[in-house]
Amino acid sequence: MTGRTALPELFARHWDVVVVGGGITGAGILLEAARRGLSALLVEQRDFAWGTSSRSSKLVHGGLRYLKEGRFALTRESVREREHLLRQAAGLVEPQSFAFGDYAGRKPGKRAFLIGLAIYDRMAGQKSRHYFGREEFAALAPNVAAGGLQGGMVYTDAKTDDARLVLRVLQEARAHRGVAVNYVAVESLLRDGRDSVSGVRLRDGLTGELHEVRARLVVNATGAWADRLRGRDDDGAGPGRGAAPRLRPLRGSHLVLPAWRLPLAQAISLMHPADGRPVFAFPWEGVTLVGTTDVDHKDDLSREAAITRGEFDYLMAALRDQFPQLDLQDHDVIATYAGVRPVIDGGKADPSKEGRDHALWLEHGLLTVTGGKLTTFRVIALDALKLAATLLPELRDKLAPQPLFGADAPGPLRYGRALPAGQAARLQGRYGPLAQQLIDAAQPGELETIPGTQTIWAQLRWAARGESVCKLEDLLLRRSRIGIQLRGGGIEILPRIRAICQPELGWSDQRWDAEQAAYLALWHAHYSLPTS
Ligand SMILES: Cc1cc2nc3c(=O)[nH]c(=O)nc-3n(C[C@H](O)[C@H](O)[C@H](O)COP(=O)(O)OP(=O)(O)OC[C@H]3O[C@@H](n4cnc5c(N)ncnc54)[C@H](O)[C@@H]3O)c2cc1C
């Protein structure tokens with residue numbers, strides 16, 4: 001990790017590439033640039049994965065809904081990337097079995113769904129789909145509504161921890177000498193005499209210091225914020241220079257329930273009874289996630305997105321319809337979160353009908369890369385490099401895809417004390433060759449799992465020690481996901497977290513108290529149940 005004292009020296013260098021934005025798109029581009037020998041710096045205005053990349057539905061999937069819309073190329077690309085990630089990032093990207101009930105009179109019916117799944121399977125070169133009769137399906141997916149149930153389909157997709165995926169990709173980029181720094185915002189673009197972007201003006205979010213950094217190429221990987229940076233002038237005003245906005249920010253929100261309250265053997269995919277939109281619920285890291293909505297996001301993008309009462313009620317209505325006998329109540333929800341999709345504005349009346357492809361624009365030397373999906377980040381990064389090669393000719397014969405990970409192949413983990421079942425693979429997936437150091441750093445009792453999650457205490461120590469944690473929210477919402485997995489954002493276990501992490505972070509008692517107060521205020525405003 002880059003110590004912040006080294007920042008002035010880093011900013012004084014002349015870089016081949018500066019990537020703006022520390023979500024999955026920026027992380028993927030940093031990795032693909034660095035492994036091809038370019039000097040590459042990534043800056044993120046808040047924390048790594050702070051934007052949409054920690055607030056997605058966490059599925060690594062082809063997207064059956066895209067198939068339904070006839071978007072074969074996007075689905076094929078996504079399915080292939082899913083398979084690549086399952087192989088390359090085992091333990092971090094994992095298969096997830098989905099069940100979809102076939103109800104009399106509801107669409108899509110058995111025939112249409114099975115045709116879609118057959119195409120899906122064919123794209124992946126496998127057969128994961130099965131149709132089960134009513135009794136068998138009810139046993140596979142207990143608690144689903146029984147009225148009108150005729151049977152159901154089961155198929156396989158995949159899931160991940162989105163924020164940890166970003167961190168794992170950044171770790172790999174660092175192994176190739178890429179540099180990534182959080183809490184550094186690009187305030188404006190620098191331009192040369194020919195009006196071409198030649199660098200960025202940065203502000204260190206922790207000290208307030210300003211820096212100018214020169215680069216042969218600046219990549220705008222700021223997701224839903226991309227229109228803000230495009231065409232921004234040296235004086236920080238923007239958008240200027242003819243860069244008309246192209247994005248339509250769409251919010252998607254989720255509910256989190258404890259696994260015991262909505263126990264699922266399989267992920268459940270369903271069509272919302274009100275509007276026929278796809279909604280799912282799936283087991284994730286010790287909790288059950290439910291999502292998602294798709295509404296225009298009109299709020300100021302500098303504020304974190306949050307679920308509205310309307311979205312909350314919409315998702316609860318889907319749950320009550322699909323799981324009537326569980327009698328789910330609002331207070332069963334332990335947390336919520338909302339993210340903003342960077343969707344290219346196609347002018348459609350229904351937000352859900354807007355395309356989900358990625359887009360690249362090279363404007364006055366600024367390469368903007370936005371849209372797309374978490375699943376396809378590697379494809380997006382390679383497309384970005386192809387366009388970058390028009391400005392960086394040394395890339396032209398280095399554009400072939402490479403396996404995602406592998407800078408340092410990890411050996412089998414050694415642990416003298418008991419590691420809970422499944423943790424070795426989970427840790428290797430998340431930390432790659434650093435997993436052994438994480439285990440070795442554990443103090444007695446820290447290999448145990450934090451109840452209600454699949455996180456072990458040692459992950460917190462490791463994050464506090466060396467994962468660029470600048471604020472308590474970084475530790476609880478992105479290095480770990482405790483903030484969305486435990487009621488009250490994990491307030492009950494904050495004393496033990498403090499005992500482990502405060503010395504590692506070197507924070508005074510006063511600093512810890514202030515961080516804790518700020519974190520709890522943030523949690524109540526953006527991750528709790530809506531008040532009205
Ligand atoms: C509700 C929802 C569900 C989704 N579910 C899935 C899913 O299940 N599977 C899937 O494959 N995809 C999914 N997606 C899509 C996927 O999450 C996004 O496509 C992806 O995360 C976008 O990544 P990004 O890096 O482009 O943007 P972000 O993750 O938003 O990263 C952009 C970053 O740029 C930073 N930034 C902005 N301005 C500046 C600046 N001036 N200086 C420095 N930094 C700046 C921001 O702080 C932000 O962290 C979902 C999206 C949403 C909203």
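The legends below walk through an overall view and some close-ups of a predicted model.

Residue numbers start from 1 along each chain as its sequence is written. In this predicted model, local features need pLDDT of at least 70 and side-chain atom pairs count only at pLDDT 80 or more, while totals for chains, interfaces and linings use all residues, and side-chain values use heavy atoms, with hydrogens and water left out.

**Figure 1**
Helices (H or I, at least four residues) and strands (E, at least two) are DSSP runs, numbered from the N terminus. The C-alpha trace spans about 70 × 55 × 50 Å along its principal axes. For 532 residues, a compact globule would have a radius of gyration near 24 Å, and the 23 Å of the protein agrees with this; the radius is taken over C-alpha atoms, and the globule rule is 2.2 Å times the number of residues to the power 0.38. Of the 532 residues, 59% are buried, where buried means under 20% relative accessible area, exposed over 50%, and partly exposed in between (1.4 Å probe, protein chains only).

**Figure 2. The hairpin of strand 8 and strand 9.**
Here strand 8 (residues 184-191) pairs with strand 9 (residues 197-204) in the antiparallel sense over seven bridges; pairing requires that DSSP finds at least two bridges between two strands. Five residues separate the two strands, and Asp195 in the turn has a positive phi of about 75°. Strand 8 is mostly covered, with six of its eight residues buried.

**Figure 3. The loop between strand 2 and strand 3, with Ser54 and Lys58.**
Strand 2 covers 40-43 and strand 3 covers 59-60. Ser54 counts as buried because its relative accessibility is 6%. Leaving aside residues up to four places away in sequence, Ser54 touches Ala49, Asp162, Ala163, Arg478 and Arg481; a contact means heavy atoms within 4.5 Å. Lys58 is buried too, at 0% relative accessibility. Its phi is near 70°, a positive value in a residue other than glycine.

**Figure 4. Arg177 in the loop between helix 7 and strand 7.**
Helix 7 covers 162-175 and strand 7 covers 179-181. Arg177 has a phi near 75°, a positive value in a residue other than glycine. With a relative accessible area of 73%, Arg177 is exposed.

**Figure 5. A cis peptide bond from Gly291 to Thr292.**
Omega of this bond is near -5°. Thr292 sits in the loop between strand 14 (287-291) and strand 15 (295-296).
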